[in-house]
2 protein chains.
Amino acid sequence: MDFENIAKTAKTAALGIADISADLKNSALLKIADNLEKDKAKIFEANKKDLTDAESLVISGEISKSTFNRLKLDENKMRDMIQGIRDVAKLEDPVNKKLFVRELDEGLTLYKVSCPIGVLGIIFEARPDVIAQISSLAIKSANAVILKGGKESINTNKTVLGIINETLDSIDGFPKNVLQQVFTRDDVAQMLKCDKYINLIIPRGGNKLVKYIKENTKIPVLGHADGICHIFADETADLEMAIKVIVDAKTQYPSACNSVETLLIHEKFPETEKLLAALQLAEIKLVDNPDTWAFEHGDTTLAFKKVKNLDEAIEHINTYGSGHTDSIITKNIENAEKFMNKVDSAGVYFNASTRFADGFRYGLGAEVGISTNKTHARGPVGLEGLTIYKYKLIGQGHIVKDYVDGTKHFHHKDI
Amino acid sequence: MDFENIAKTAKTAALGIADISADLKNSALLKIADNLEKDKAKIFEANKKDLTDAESLVISGEISKSTFNRLKLDENKMRDMIQGIRDVAKLEDPVNKKLFVRELDEGLTLYKVSCPIGVLGIIFEARPDVIAQISSLAIKSANAVILKGGKESINTNKTVLGIINETLDSIDGFPKNVLQQVFTRDDVAQMLKCDKYINLIIPRGGNKLVKYIKENTKIPVLGHADGICHIFADETADLEMAIKVIVDAKTQYPSACNSVETLLIHEKFPETEKLLAALQLAEIKLVDNPDTWAFEHGDTTLAFKKVKNLDEAIEHINTYGSGHTDSIITKNIENAEKFMNKVDSAGVYFNASTRFADGFRYGLGAEVGISTNKTHARGPVGLEGLTIYKYKLIGQGHIVKDYVDGTKHFHHKDI
């Protein structure tokens with residue numbers, strides 16, 4: 001099937017899944033989890049084949065050792081993957097929620113109701129657990145998806161999606177083709193052009209991938225390229241707190257997008273030397289180089305800069321940051337408020353580690369991704385980010401002419 | 001100033017206006033209304049100049065008579081324009097609303113707070129009242145804007161925005177350059193490419209303009225190109241109600257985007273002939289031509305088609321419609337529910353005229369535009385559509401390590 005046909009089929013599937021019941025979706029998810037568990041051996045076998053193929057790529061230098069490690073599905077990852085699906089089944093249904101009910105006039109009632117977006121295009125790198133996670137989020141939010149995984153995990157992906165789709169096919173009343181998979185670079189190129197059928201693209205991977213996608217499509221992209229997060233140690237920062245928070249934000253998981261990359265220090269902060277010494281003791285590599293201000297290190301390197309005041313800190317962040325997550329450490333509440341209002345980022349923190357930027361930590365139930373967009377969804381995105389809404393208007397033969405004439409009047413009562 | 005600089009200036013203005021108080025915004029709006037009223041004569045004079053210039057364009061056929069009429073600012077339009085600004089001042093502040101407050105753990109509280117999007121690019125055709133309306137919505141939602149109006153209304157636009165900006169400049173604490181205007185086609189081309197600084201494009205004008213913009217930018221566009229709305233007269237439709245609703249939806253304002261373009265009639269509806277005769281009597285021109293199924297007539301022409309059943313009606317709408325607003329006339333509540341769930345449009349109506357699709361009629365307080373997008377905002381969009389949100393997290397030195405270690409646990413209490 002060529003890509004256009006796959007996309008058309010996905011649109012039909014999206015219309016089909018849009019209004020199936022929460023019970024049907026949840027029972028499908030639980031059956032998928034059961035069947036993946038039952039067929040574990042098959043999945044491990046496929047993953048083993050991927051790993052064997054990948055070994056030579058590591059040797060030839062085509063993929064890195066860390067990509068190879070991510071590719072590996074062990075018992076722990078498998079258990080988490082399956083548990084993740086069961087957890088999604090337990091979440092509140094994100095569609096068909098009444099966002100408001102408003103009586104416009106007697107007998108004329110407007111319902112704003114959440115509904116799925118339609119067709120999602122998901123592009124992800126070689127992580128074999130992503131396919132099950134995204135599939136479960138798509139089913140729960142009643143969207144159709146076209147999946148394109150990293151080619152290194154092709155056997156695992158085919159096997160996992162095969163088991164999921166066999167399960168769905170066996171469920172009475174579950175629409176066909178909700179989850180489809182494509183495999184080539186050419187498919188990706190076509191996906192990015194297919195704004196007729198695809199409503200949202202979600203890239204899951206490194207910032208090169210995300211940047212490439214954002215630059216090559218007119219379809220809305222949910223995600224973030226860079227995660228250049230800052231911590232500002234204000235004049236009145238508590239030294240112990242500053243050390244604790246910065247060490248956490250830099251070292252707890254250095255390659256995460258919400259790790260801190262640049263430390264700004266108020267020039268009147270009296271304990272700068274003690275702070276920097278403590279950070280070095282914690283094996284943080286401090287660098288003082290303007291070239292790194294818009295750079296995501298992804299390791300324990302931390303840029304630092306002295307600033308004259310709060311305003312300079314805010315301006316630095318709004319100039320060099322990526323709109324992800326930034327934190328102020330201070331005892332001055334007014335400064336904290338100004339910082340949180342003026343820094344134009346998805347997350348603005350006061351005396352807390354940037355590492356809290358995460359859908360599960362925020363209590364969103366699931367994480368679809370972290371967005372630095374300024375429309376639709378921003379910050380850690382839960383299932384709500386895979387929904388939009390429609391307006392249902394129920395009347396009794398109501399016409400607009402009566403309201404233009406002045407025969408009738410709107411009363412707009414929220415009920 | 002070249003466009004890049006204008007856009008940069010707009011970003012600075014956006015950061016400046018983001019956190020000014022509701023009082024300051026509202027008092028600015030009221031002062032603008034007063035000053036426009038005071039300087040009415042100057043505006044009429046500028047408009048007269050535009051009209052004189054436009055006369056020759058009408059004669060040479062470069063602009064239509066209806067464009068000329070829209071260009072004209074009379075006492076009524078002026079009064080409505082000024083009243084519109086005062087009405088916006090009265091609306092609830094759309095920014096700084098707490099969308100949720102959640103205690104993640106003791107002393108660690110997450111606030112999801114509405115905030116402005118940033119920089120809007122507004123492209124509108126020759127309607128001299130739009131500039132004041134958009135400016136007031138931008139101020140209220142605390143966004144900076146770059147405005148590009150139709151060249152035929154250039155004198156009016158310059159005069160109106162001049163008065164508005166003089167007013168804003170005179171207000172202590174109001175940031176500079178929140179409202180800027182550009183004039184050339186080249187500016188538009190640059191605006192559409194300027195995704196570094198512009199966060200949202202809003203076109204106000206005919207579908208050619210909107211299509212052009214959607215096809216030539218990666219920046220999110222809020223709007224709709226076509227308005228191909230349908231009414232489905234089901235088997236059990238009440239004849240009188242069907243006539244009344246269809247006549248309203250087609251004739252009350254035929255050039256509106258929410259007017260009906262295609263009537264679908266269930267083949268078992270027993271009174272098709274009476275219905276069609278009544279529509280003809282109401283001076284609706286009925287056409288039975290598949291070529292017009294994806295066509296917005298914009299006049300009293302109405303395509304009609306008999307369909308076998310509800311499913312065919314739904315499929316027709318999802319194939320040929322524009323996702324704007326579609327209505328079913330029926331006595332069968334089950335069919336109505338299926339129609340509203342399965343039709344993939346921003347507005348899905350049951351026994352009501354499609355003409356109700358409007359921000360004011362929905363009680364949204366204002367209308368920024370009508371969107372057929374599947375992300376961010378859909379259907380009639382009020383001020384909320386010009387906002388996004390940020391997450392503020394307030395802690396006491398909280399770090400993630402404690403939660404990964406299991407030393408501490410999230411309790412996620414909404415408060």
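This report walks through a sheet in chain B of a predicted model and the helices around that sheet.

## The sheet

Let's start with the strands. Chain B holds an open sheet of four strands, and reading across it gives the order E5-E4-E3-E6, with parallel pairing. At the edges you will find strand E5 (179–182) and strand E6 (200–204), each of which pairs on one side only. Ignoring direction, neighbouring strands of this sheet are turned by 20° against each other on average.

Now look at one pair of strands. Strand E3 (residues 119–124) of chain B runs parallel to E6(B), and five bridges join the two. To find your way along this pair, look for B:Phe124, which stands opposite B:Arg204 in E6(B).

## Helices across the strands

Two helices to look for here are H8 and H9. Helix H8 (residues 185–193) of chain B lies across E3, strand E4 (144–148) and E5, and runs at about 140° to E4(B). Helix H9 (residues 207–215) of chain B lies across E3 and E6, at about 160° to E6(B).

## A pair of packed helices

How are two packed helices described? By the angle between their axes and the distance between the axes. For helix H2 (residues 22–38) and helix H7 (residues 154–169) of chain B, the angle is about 135° and the axes are 9 Å apart. H2(B) and H7(B) are therefore oblique to each other, and their crossing is right-handed.

Which residues make the contact? From H2(B) come B:Ala28, B:Lys31, B:Ile32, B:Asn35 and B:Leu36, while H7(B) brings B:Val160, B:Ile163, B:Ile164, B:Thr167 and B:Leu168. Sorted by class, this contact of H2(B) with H7(B) has seven nonpolar, two polar and one charged residues.

Key. Residues numbered from 1 in each chain as written. Chains lettered and ligands numbered in written order. Predicted model: local features only at pLDDT ≥ 70, side-chain atom pairs only at ≥ 80, totals over all residues. Pairing = 2+ DSSP bridges. Axes fitted to C-alpha atoms, helices over the stretch in contact; angles between N-to-C directions. Contact = placed C-beta atoms within 7 Å. Parallel < 35°, antiparallel > 145°, perpendicular 65-115°, else oblique. Left-handed = near helix turned anticlockwise from the far one by under 90°. Nonpolar A, V, L, I, M, F, W, Y, C, P; charged D, E, K, R; others polar.
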